[in-house]
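Here are my notes on the model, point by point. Please keep the structure open while you read them.

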Amino acid sequence: MTRSTVSEGTVEEVDRVENTSSLTDTQKAQLIEVRRKKALVKRELNVLDQELARINQELAKFDSRPTGGSINEKTLDDAQGRQKFNVDPKKGIESLVSSGILNDTPEDIAQLLYKGEKLNKTKIGEYLGENREPNLTVLRRFVELFEFQKMDIVTALRAFLGKFRLPGEAQKIDRMMEEFATVYCSANSSVYSKSDTCYVLAFSIIMLNTSLHNPSVKDKLTADQFVKMNNGINDGGDLPAQLLIDAYHSIKTTPFEIPEEDTQDFTITFYNPDKRGYLVKEGGKRKTWKKRYFVLTDNCLYYFVRESDTEPKGIVPLENLMVTECKDRKLTFEIRSEEKFIKAAKTDSGGRMVSGNHENYRIQASNQEEMTSWMDAIRKSISKDPFYTTMQARKKNAMCKQ
């Protein structure tokens, strides 16, 4: 098979290729790209088919409506507007307003999102997280619809997080949790001195939920540890210990019910990486050096045992890390954190993803040019998580007396 056959042939022709031993590395890479592109197209077509099926189902309800029936026409406009929202929230709101279904006020839009009838919860979170008007005012009105008075913070968080799915962007999450903390603290001012206290405690509870119920986290927080980690956050004083213990046991007994989202598709994740190739990595417990296939994409460094593997052996989120050249080994660089351990995950012997306990990652290239290229690419991909500094500032502020 020639190079042009791989790059220009049809997907069906590529799929018929079984023996790739005669292909060059470049041709193999092109073959992988075509297969991944096919998987991407199939996935997109499947999503479109599902969306069309939903729309046809909605429209079928109105096929027998009487002509001139204004109630049925409004119902159709309402259904179409909600479908548009689930594709593009802004256009969906505009459609509902223009058809007279929805008043163009923050209060009415907030009510629509709060009720959430036939609205995608991921899209609700996307709309509420936008840093512009009227979204910011809608977010405040949305949070104000909750009756937080005399409600414990875990119950309040369950109600709040059950209405939408938190977006992925840190700044959006920060704005939404800021509004929650402000409104909740105002409704329970006899318990909490500052909204920063509610903000820090809310995130502590969310992290507790992850610690207790994520199977990849081996060292589970105890009730005493949870109490100690929240010492001094209430205007320099401690929150009632029983309040924190009750929160701990509530989460331990019943985890948060987070709205579902499509599972991650690694085929899509690795379709267009920033960089990839074989390097040699030092082991964690056993300090042996083994060849691994690395893929750098979406601010994460993935490594596989073989290039043909579909799931990674390990994942290193590149947040608040640094990369430096090693002095004790040639052509080797090190990824490390300012903290004791790097937040990472790896596959154990049973095939499960578990937390990694690496203090650093030492990786060797085959030549100086390759090492420099990888180090530069990783540096560009390292992100500074706003929560890392925001939470530290919030906690410091919450612990300071006014």
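1. Terms and ground rules. Helices (H or I, at least four residues) and strands (E, at least two) are DSSP runs, numbered from the N terminus. This is a predicted model: local features need pLDDT of at least 70, side-chain atom pairs count only at pLDDT 80 or more, and totals for chains, interfaces and linings use all residues. Residues are numbered from 1 along each chain as its sequence is written, and side-chain values use heavy atoms, with hydrogens and water left out.

2. Overall make-up. The protein has 16 helices and nine strands. Of its 402 residues, 40% count as buried. Buried means under 20% relative accessible area, exposed over 50%, and partly exposed in between (1.4 Å probe, protein chains only). The protein exposes about 22,800 Å², and carbon and sulfur atoms supply 48% of that area. Accessible areas come from the Shrake-Rupley method with a 1.4 Å probe; for residues, only the protein chains shown count as cover.

3. Contacts across the sequence. Contact means heavy atoms within 4.5 Å. Take the contacts between residues at least 6 apart in sequence: 60% of them join residues at least 24 apart.

4. Glycine 100 sits in the loop between α5 (89–98) and α6 (106–115). Its relative accessibility is 48%, so glycine 100 counts as partly exposed. Lysine 74 is 26 residues away along the chain, and the two C-alpha atoms are separated by 8.3 Å.

5. Two lysines with positive phi. Lysine 118 lies in the loop between α6 and α7. Its phi is near 60°, a positive value in a residue other than glycine. Lysine 118 counts as exposed, at 54% relative accessibility. Lysine 150 is in the loop between α8 and α9. Its phi is also positive, at about 55°, although the residue is not a glycine. At 84% relative accessibility, lysine 150 counts as exposed.

6. Helix α7. Asparagine 120 caps the N-terminal end of α7 (residues 121–128). A side-chain oxygen of asparagine 120 lies 2.8 Å from the backbone nitrogen of threonine 122. A polar contact is a pair of N or O atoms within 3.5 Å; within protein, one must be able to donate a hydrogen and the other to accept it, and residues adjacent in sequence count only if both atoms are side-chain atoms. The buried residues of α7 are Lys123, Ile124, Gly125, Tyr127 and Leu128.

7. Is lysine 123 buried or exposed? At 18% relative accessibility, lysine 123 counts as buried. Leaving aside neighbours within four places in sequence, lysine 123 is in contact with Phe85, Asn86, Val87 and Pro89.

8. A cis peptide. Glutamate 133 and proline 134 are joined by a cis peptide bond, with omega about 5°. Proline 134 is in the loop between α7 and α8 (135–144).

9. Helix α13. The 13 residues of α13 (residues 241–253) should span 18 Å at 1.5 Å a residue, and the end C-alpha atoms are 18 Å apart, which agrees. The expected span is 1.5 Å times one less than the number of residues. Leu244, Ala247, Tyr248 and Ile251 are buried in α13. They cover an arc of only 100° around the axis, which puts them on the same side of α13. The arc is that of the directions from the helix axis to the C-beta atoms. An α-helix has 3.6 residues a turn, so residues three or four places apart point the same way. The cover over the buried residues of α13 includes α9 (153–161), α11 (195–213) and α12 (223–229).

10. Helix α15. Asparagine 367 caps the N-terminal end of α15, with a side-chain oxygen 3.2 Å from the backbone nitrogen of glutamate 369. In α15, Met371, Trp374, Met375, Ala377, Ile378 and Ser381 are buried. These buried residues fall within an arc of 165° seen down the axis of α15, so they line one face of the helix. The face turned away from the buried side carries the exposed residues Glu369 and Lys380. Strands packing against the buried residues of α15 include β1 (275–282) and β2 (289–297).

11. Cysteines. How many disulfides are there? The count comes to zero, where a disulfide is a pair of cysteine sulfur atoms within 2.5 Å. Cysteine 300 counts as buried, at 14% relative accessibility. Cysteine 326 is buried too, with a relative accessible area of 9%.
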